[in-house]
Amino acid sequence: MPTLPDDDDWLLRERRAIGDRIRVKRLHENRTQESVFLAAGVARSAYQAVEAGAADARISTLLKIAHVLGVHVTDLLRN
């Protein structure tokens, strides 16, 4: 079974990549952060932290964001 890298840099890069995919999709849909977090029922600070890659997101938060953006949650998670 593969092991995960145990350095914080790896985790930070992955969180930022997810946030970048959310931002790209949001901008492609011509949506503001506010319109997404309000429609998803997610707190402003939580949404902003996820999009910035500054915080871990709960799967329920990612599912809500994906639903609002009209994508499957895997589209936000895969490279």
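This is a predicted model: local features need pLDDT of at least 70, side-chain atom pairs count only at pLDDT 80 or more; totals for chains, interfaces and linings use all residues.
A pair of aromatic rings is described by the distance of the centres and the angle of the planes. Here the partners are Phe37 and Tyr47, whose ring centres are 6.4 Å apart. Their planes meet at 45°, so the pair is tilted; an angle under 30 degrees would have counted as stacked, and one over 60 as edge-to-face. Phe37 belongs to helix 2 (residues 33–40) and Tyr47 to helix 3 (residues 44–52), so the pair ties together parts that are 10 residues apart in sequence.

Are these two residues buried or exposed? Buried means under 20% relative accessible area. Phe37 has 6% relative accessibility, so Phe37 counts as buried. Tyr47 has 1%, so Tyr47 is buried as well.

Now follow helix 2. Its buried residues are Val36, Phe37 and Ala40. Among the elements covering the buried residues of helix 2 are helix 1, helix 3 and helix 4. After helix 2 comes Gly41, with a positive phi near 70°.

Helix 3 is our last stop. Buried here are Tyr47, Ala49, Val50 and Glu51. The buried residues of helix 3 pack against helix 1 (8–28), helix 2 and helix 4 (59–69). Just after helix 3 sits Gly53, with a positive phi of about 75°.

Key: Residues are numbered from 1 along each chain as its sequence is written. Side-chain values use heavy atoms; hydrogens and water are left out. Rings of Phe, Tyr and Trp (its six-membered ring) pair if their centres lie within 6.5 Å; planes under 30 degrees apart count as stacked, over 60 as edge-to-face and the rest as tilted. Helices (H or I, at least four residues) and strands (E, at least two) are DSSP runs, numbered from the N terminus. Buried means under 20% relative accessible area, exposed over 50%, partly exposed in between (1.4 Å probe, protein chains only). Contact means heavy atoms within 4.5 Å.
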